[in-house]
Amino acid sequence: MSSEQKIEFYKGPAGGWGALRSVTNALLRQDIPIKGAKTLLSANQPDGFDCPGCAWPDRNHASTFEFCENGVKAVAAEATARRAGPELFAKHTVAELAEQSDFWLEDQGRLTHPMAYDAASDKYVPIEWDDAFARIARHLNALPDPDQAIFYTSGRASNEAAFLYQLFVREYGTNNFPDCSNMCHEPSGSGMRPQIGVGKGTVTLDDFEKADAIFIFGQNPGTNHPRMLGELRAASKRGARIVSFNPLRERGLERFADPQDKLEMATLGSTPISTHYFQLRVGGDFSAIKGMMKHVIEREDEAVARSEPAVLDHEFIAAHTTGFEALAADLRAESWDVLVRESGLSEEQIRAAADVYLGAKSVIACWGMGITQHQHSVATIQMIGNLLMMRGNIGREGAGACPVRGHSNVQGDRTMGIWEKPPAALLDRLQKVFGFEPPRRNGVDTVEAIQSMLDGKGRVFFALGGNFAAATPDTYQTWKALKQCELTVHVTTKLNRSHVIHGREALILPCLGRTEIDMQAGGQQGVTVEDSMSMVHISMGINPPASEHLLSEPAIVARLAAATIGARSSTPWLWLVEDYARIRDKIEAVFDDFKDFNARVAHPGGFRLRNTASERVWNTASKKAVFFTHAVPLDTPSHRARARFAKKGDTIVFTLLTTRSHDQYNTTIYGMDDRYRGVFGQRRVVFINKEDIRALGMKDGDWVDIQTVWNDGQERRADRFKLVAYDIPRGNIAAYYPETNPLVPLSAVAENAGTPTSKSIPVVLVPHELPIQKLAEDEADGMVAAA
């Protein structure tokens with residue numbers, strides 16, 4: 001919801017009355033005050049639907065209210081009374097739609113009919129479902145090489161849809177599965193699998209009740225996972241230490257008022273969250289963690305010299321790990337000067353954080369994309385694993401690793417086989433169960449998919465959900481890539497940027513939302529999802545579909561498969577989709593962890609998938625957990641950029657991190673406010689230290705253009721951003737995406753993971769030359785189509 005443009009310090013806590021007002025406004029804006037309230041009572045309930053927002057797990061449903069402020073925004077956007085039907089597309093050309101903001105596009109409401117692009121009129125026109133499937137099948141079957149087709153997946157797709165999707169695409173003949181994991185938590189899996197044998201978190205919600213200390217790295221739960229604040233609040237109240245590492249001061253990490261606590265609300269009170277808050281440099285987490293481990297080793301050496309009790313868990317290290325001695329030697333040799341310089345924290349701060357760790361019997365480490373979207377993210381995650389293992393904090397109560405995922409089923413999609421690098425065991429089982437030879441060559445990830453389309457190899461692009469054009473890096477290169485395709489297809493609930501950045505032919509296929517009743521031949525269907533802690537549970541929609549012309553995602557995949565490969569496939573696609581229990585039977589046949597799937601998921605709350613690391617069973621090459629040794633990164637893009645401009649005393653190189661506002665979820669913009677950061681009615685802002693503003697010779701509120709410093713000769717810039725003085729370390733700035741995605745080069749990816757490094761881009765700021773009046777007229781959320 002848009003409001004008056006202003007920058008105003010927010011005095012309140014996270015949650016509280018501000019959250020309740022936001023909930024009310026979200027329902028009113030979508031014209032569903034009564035329907036929306038009723039719908040929310042079924043959110044995250046055993047007999048209701050799983051919130052289409054984040055992947056934070058559900059409690060035991062002791063409360064009627066199992067939703068958060070941003071979950072309400074997601075539900076309201078889906079259950080909206082607004083409709084984007086054929087009349088909208090008849091009224092506007094695609095060129096006209098492309099001129100609108102991202103906020104405006106999604107605010108038109110739910111899509112109601114399948115639509116096809118008509119080049120002659122530059123408009124989308126209605127198309128029958130059978131004709132749409134036939135058109136896609138014709139394009140796919142005309143490709144000389146299946147690898148010329150790219151199949152993207154959003155993390156909101158259900159387990160059933162994702163399983164059918166990966167099965168269809170592999171029967172078609174490719175492993176081209178770029179997905180949203182490639183852009184967020186890919187480094188978590190890449191770091192954890194060789195270290196502890198699983199790529200998922202090892203904790204449950206029960207562990208949060210037993211942890212003595214919780215360390216939070218690169219995460220802002222107040223906006224991205226608000227229900228997590230309830231767990232942190234409870235931990236704080238019972239005396240657990242909560243240690244946060246974040247360059248920005250985030251209100252959700254400072255204090256929280258639980259809207260369900262009558263006393264706290266009545267007294268305008270709140271609960272402190274972080275007992276320690278360390279504002280390190282962007283990308284400084286690696287050095288801070290290594291410094292903490294160095295402190296632990298020093299305390300261990302002192303304990304040995306004094307014949308005092310050991311600091312390390314020697315029993316765990318000896319029985320369960322390998323590589324510790326090499327790590328210990330590296331830590332002893334590491335320079336405190338380097339650790340301090342690179343982390344942006346003082347030695348005293350790092351030691352203080354380490355002392356909290358040493359004083360806790362059970363420790364949980366959480367992290368988000370502030371860790372994963374860096375060049376050295378995999379190494380940083382392995383350093384977190386090292387820290388936990390030094391005192392045996394994996395595989396026991398109240399302790400473990402907790403990568404906090406984004407979309408509500410992004411983890412489940414990977415479990416179901418949405419992976420461009422499939423393990424041989426999965427392909428072998430698919431061959432055994434379904435009787436076809438799956439392709440064995442790796443496919444492309446998200447960044448590689450963009451390059452494939454740019455190179456002319458990727459010719460058909462199909463997206464099961466998401467907003468690829470807005471979510472990806474190097475925006476204008478991505479748009480160029482999509483426009484070069486022969487066909488682009490998007491399965492979606494609402495209009496977004498990706499639908500106006502299209503190939504020569506294009507289709508928009510509207511699907512049911514998570515909140516809606518899914519009726520198939522076998523009756524009403526439920527789908528399953530997996531949360532961040534490996535809990536699998538059923539989701540049943542409760543609202544009538546937004547249109548009689550909508551299909552479910554599983555039905556869309558099954559009908560497309562039947563149209564494309566039905567003649568040569570022995571898989572009974574249309575029979576499977578008549579009753580999703582049949583799909584779950586096939587999932588059980590492929591994945592051993594899903595034994596008795598239908599029976600177990602019928603249990604209220606579902607079931608937890610086995611996590612071997614939490615049992616101290618290590619599925620690594622050595623059959624032990626591995627301590628990894630890594631040097632402090634001293635040759636990052638920001639290091640090189642600063643060295644390049646070192647002799648230009650009047651040029652300051654900043655490290656930019658892209659971030660969400662409080663009124664958005666990933667690329668979905670719900671409104672123009674970022675309440676906790678004090679930004680209202682606008683999005684084109686740059687958060688910057690006041691001393692850096694002074695060093696630029698500028699003042700708070702001035703307008704700048706942001707330009708990337710890179711080594712490929714390509715200009716990347718984002719224009720017209722307002723400077724906002726903020727509590728952030730010097731030399732670092734922050735701004736919202738997708739507006740700043742054009743600044744992220746395709747080649748800026750995490751080592752050994754390929755994730756765009758959107759949290760650490762070297763940039764310079766230059767004064768914007770347009771008059772302020774013109775700027776005010778042009779101020780709008782989102783990006784408009786490039787010429």
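This is a predicted model: local features need pLDDT of at least 70, side-chain atom pairs count only at pLDDT 80 or more; totals for chains, interfaces and linings use all residues.
**View 1. Helix H15 meets helix H18.**
Here we're looking at H15 (residues 285–305) and H18 (residues 336–343), whose axes come within 8 Å and cross at roughly 150°. The crossing of H15 past H18 is left-handed. On the H15 side, the contact is made by Ser-287, Ala-288, Lys-290, Gly-291, Lys-294, His-295 and Glu-298. Facing them from H18 are Trp-336, Leu-339, Glu-342 and Ser-343. Sort the residues of this H15–H18 contact by type and you get 3 nonpolar, 4 polar and 4 charged.

**View 2. A parallel open sheet.**
Five strands line up in the order E12-E9-E8-E14-E15, and the pairing is parallel. The edges are taken by E12 (276–278) and E15 (400–403); each has a single partner strand, so one side of each is left without a neighbour in the sheet. On average, neighbouring strands of this sheet are turned by 15° against each other, if you ignore direction. Zoom in on E8 (residues 213–217) and E14 (residues 363–367) and you'll find a parallel pairing over 5 bridges. Within that pairing, Ile-216 sits opposite Cys-366 in E14. As a reminder, strands of a sheet pair through backbone hydrogen bonds, either parallel or antiparallel.

**View 3. Strand E7, covered on both faces.**
For E7 (residues 149–153), 5 of the 5 residues are buried, so the strand is largely enclosed by the rest of the structure. In a regular strand the side chains alternate between the two faces of the sheet. In E7, one side carries Ala-149, Phe-151 and Thr-153, the other Ile-150 and Tyr-152, and all of these are buried. The strand also pairs with E16 (residues 460–464), in the parallel sense and over 5 bridges.

**View 4. Helix H12 and the glycine after it.**
H12 (residues 228–237) has 7 of its 10 residues buried, so this helix is largely enclosed by the rest of the structure. The buried ones are Met-228, Leu-229, Glu-231, Leu-232, Arg-233, Ala-235 and Ser-236. Following H12 comes Gly-239, and its phi is positive, near 100°.

**View 5. Thr-620 in its loop.**
Thr-620 belongs to the loop between strand E23 (607–608) and strand E24 (625–626). Its relative accessibility is 6%, and the cut-off for buried is under 20%, so Thr-620 counts as buried. What does Thr-620 touch, leaving out residues up to four places away in sequence? Its contacts are Arg-193, Pro-194, Gln-195, Ile-196 and Gly-197.

**View 6. Gln-714, a partly exposed loop residue.**
Gln-714 lies in the loop between strand E30 (703–708) and strand E31 (717–725). With 32% relative accessibility, Gln-714 counts as partly exposed. Its side chain makes a polar contact with the side chain of Arg-716, at 3.3 Å. If you skip residues up to four places away in sequence, Gln-714 touches Asp-474 and Gln-477. Then there's Pro-745: it is 31 residues from Gln-714 in sequence, while the C-alpha to C-alpha distance between the two is 9.1 Å.

Key
Residues are numbered from 1 along each chain as its sequence is written. Side-chain values use heavy atoms; hydrogens and water are left out. Axes are lines fitted to C-alpha atoms, for helices over the stretch in contact, and angles run from 0 to 180 degrees between N-to-C directions. Helices (H or I, at least four residues) and strands (E, at least two) are DSSP runs, numbered from the N terminus. A crossing is left-handed if the near helix is turned anticlockwise from the far one by less than a right angle, and right-handed if clockwise. Contact means heavy atoms within 4.5 Å. Ala, Val, Leu, Ile, Met, Phe, Trp, Tyr, Cys and Pro count as nonpolar, Asp, Glu, Lys and Arg as charged, and the others, Gly among them, as polar. Buried means under 20% relative accessible area, exposed over 50%, partly exposed in between (1.4 Å probe, protein chains only). Two strands pair if DSSP finds at least two bridges between them. A polar contact is a pair of N or O atoms within 3.5 Å; within protein, one must be able to donate a hydrogen and the other to accept it, and residues adjacent in sequence count only if both atoms are side-chain atoms.
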